[in-house]
Amino acid sequence: MSRSEKEFHQSRFPYTNFHLHKSFLNISYKYASLFSLTKLKPFYFLLFSISMAFTTMPSSLTNSTSSPTMLLPPISHHNNPNKLIVNKPQRKLLHLTVANVASPSLPIITPPTPEEQLPGTTAGRHHHHHVAWTSISQESWEGELQVEGHIPPWLNGTYLRNGPGMWHIGDYDFRHLFDGYATVVKLRLQEGRLFAGHRQIESEAYRAAKKNQKICYREFSEVPKAANFLAYVGELASLFSGASLTDNANTGVVKLGDGRVVCLTETQKGSIVIDPETLETVGKFEYSDSLGGLIHSAHPVVTDKEFVTLLPDLVRAGYLVVRMEPGTNERRVIGRVNCRGGSSPGWVHSFPVTEHYVVVPEMPLRYCAQNLLKAEPTPLYKFEWHPQSKAFMHVMCKTSGNIVASVEVPLFVTFHFINAYEEEDEDGRVTAIIADCCEHNSDPTILDRLRLQNLRSFNGEDVLPDARVGRFRIPLDGSPYGELDAALDPNEHGKGMDMCSINPNHLGKKYRYAYACGAQRPCNFPNTLTKLDLELKKATNWHEEGAVPSEPFFVARPGATEEDDGVVISIVSEKNGEGYALLLDGSTFEEIARAKFPYGLPYGLHGCWVPKE
Ligand SMILES: CC1=C(/C=C/C(C)=C/C=C/C(C)=C/C=C/C=C(C)/C=C/C=O)C(C)(C)CCC1
Ligand SMILES: [Fe+2]
């Protein structure tokens with residue numbers, strides 16, 4: 001453990017002893033590879049789990065004077081008098097059925113019944129922090145919203161948005177934005193009217209937490225608290241089979257070519273089918289192939305024709321590039337990329353494709369098996385920053401699986417690729433791949449900025465790390481190096497940049513416009529919506545004081561010929577605790593409609609569009 005890691009750890013977990021004995025870990029890893037070679041030999045498995053337990057166990061098992069809960073940062077538990085509907089008996093939230101949703105009148109507000117109220121949610125539980133970072137207070141709601149402005153008559157369908165919306169269980173508050181239990185929000189747009197709703201996803205992790213009033217699966221930063229050392233060994237053992245990893249599908253939602261709607265996270269078991277109308281959890285999306293592995297990219301590339309994703313291989317550092325046809329649950333391997341820079345693959349939260357190629361990024365922010373096993377969070381959670389391991393971009397032919405380029409690139413940190421396309425010379429020969437991403441100036445500290453305590457404690461200081469549109473050029477002529485530069489001056493979008501979308505008709509093709517969240521400084525989180533013109537290198541920005549808008553999602557007008565002919569949908573959490581759905585014109589970027597929710601919504605991550613048939 002480096003000095004800075006140690007200092008960080010000590011500042012956050014002052015009572016923690018350091019159990020990390022490097023030599024022990026090395027032995028453990030030998031067992032780990034043996035274990036993988038001998039296909040679950042119980043003896044090695046047990047030995048491995050016990051040895052790992054010694055190196056990763058939480059301080060609470062050795063230090064009787066401290067418990068992890070005691071070490072959490074203090075959070076105030078004041079009432080929020082005018083923000084949450086559960087505290088306002090005079091407003092009654094009626095749980096509308098699909099039948100009464102058709103009524104043009106606004107919903108009547110009633111307090112949720114005890115069954116609808118979320119675990120640990122009581123009238124006094126809510127905090128004085130921004131509604132974007134406040135747990136949703138009830139399981140579900142649906143009703144019609146009153147629209148100010150004009151919804152284009154062609155916009156018929158449902159926008160779905162997924163994200164972590166519930167960040168506590170009982171009295172225990174989670175640490176990180178990405179830990180929250182999934183909340184799906186819908187906006188059904190129908191002939192100028194807007195019917196909205198939200199619902200919690202009934203993952204095993206969420207159901208178990210509600211039942212037992214504690215975290216039962218490993219989340220992004222949270223780990224179930226083991227009662228004693230033996231229970232901890234057992235929990236570690238189940239990690240290797242994936243049993244203790246979460247299925248909390250809180251990261252995104254996609255519509256497959258066959259119409260199924262699937263919520264996703266980075267664990268494969270966290271692929272959960274929902275009903276896009278009622279938002280009910282239909283069941284697990286079970287992959288019927290035998291590719292195995294526990295994790296995948298949270299952002300598959302999904303079109304009406306296919307589902308392409310990456311399966312990181314943590315044992316033999318690399319990635320499987322796989323493809324699934326609509327109507328099936330079977331992924332087939334297109335090819336494999338071996339990592340060039342390290343003994344562990346780089347984190348692939350997302351990746352881009354072009355018409356003929358899949359681009360596999362190898363970021364120096366790498367998965368870390370030790371960190372996956374640890375009971376307490378490290379500065380970079382399940383990851384480690386290895387600048388000396390370098391950064392690479394690999395390009396695989398979609399049809400043959402052959403790698404056509406593998407180049408070293410400048411160090412980078414990205415979670416979200418925006419798009420990619422093939423650069424052609426005047427004779428139409430493909431000379432390079434251009435791949436754009438939201439790039440955090442090769443600084444992984446954004447991950448720690450997204451801790452809830454940081455998000456909830458904004459005091460006017462400008463603490464959001466800078467980001468830019470990073471444009472990679474990956475030559476296909478055999479050169480060993482690729483380039484990475486800002487696609488436009490980051491000041492155009494306030495040097496904040498993430499949560500992007502494009503016109504899906506331009507996926508993998510040359511494109512001009514992207515929509516994203518940018519920044520108006522000072523801020524601690526992206527607080528604007530920005531339309532980027534990558535040709536003119538200019539941005540148009542939307543901002544409302546104190547508001548936190550979610551990913552601007554572009555829906556193209558059917559039959560449009562211009563790339564930006566369509567609308568941009570976002571959901572805004574306001575500083576007064578309220579919230580609304582927002583529609584901007586994709587071309588002028590001006591507001592065309594907004595519709596207030598009867599309650600403020602927590603921040604959400606990614607969305608998809610389900611057109612009305
Ligand atoms: C990494 C593993 C896991 C969990 C991963 C999760 C839940 C990752 C979620 C990542 C997200 C939502 C990234 C979004 C980034 C947004 C940014 C940087 C916004 C910046 C704004 O300025 C587990 C599933 C827990 C276990 C395996 C490993
Ligand atoms: Fe994402």
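Which loop holds P522? P522 lies in the loop between β26 (513–518) and β27 (528–533). Strands here are DSSP runs (E, at least two residues), numbered from the N terminus. The peptide bond from R521 to P522 is cis, with omega near -5°. Most peptide bonds are trans.

Some ground rules. This is a predicted model, where local features need pLDDT of at least 70 and side-chain atom pairs count only at pLDDT 80 or more, while totals for chains, interfaces and linings use all residues. Residues are numbered from 1 along each chain as its sequence is written, chains are lettered from A and ligands numbered from 1 in written order, and side-chain values use heavy atoms, with hydrogens and water left out.

Now the metal. Ligand 2 is an iron ion. H299, H349, H416 and H606 coordinate this ion, each through NE2, at 2.1 to 2.2 Å. Donors are N, O and S atoms within 2.8 Å of the metal (3.2 Å for Na, K and Ca); water is not among the atoms, so sites may look incomplete. Along the chain, the donor spacing is H-x49-H-x66-H-x189-H. H349 and H416 link distant parts of the chain, 67 residues apart. H349 is in the loop between β15 (331–338) and β16 (357–362), and H416 is in strand β21 (residues 414–424).

Next, ligand 1. There are 24 residues around ligand 1, with a heavy atom within 4 Å of the molecule. F178, H349, F383, F415 and P526 come nearest. The protein buries 98% of the 700 Å² that ligand 1 exposes alone, by the Shrake-Rupley method with a 1.4 Å probe.

Terms used
Helix = DSSP H or I, 4+ residues; strand = E, 2+ residues; numbered from the N terminus.
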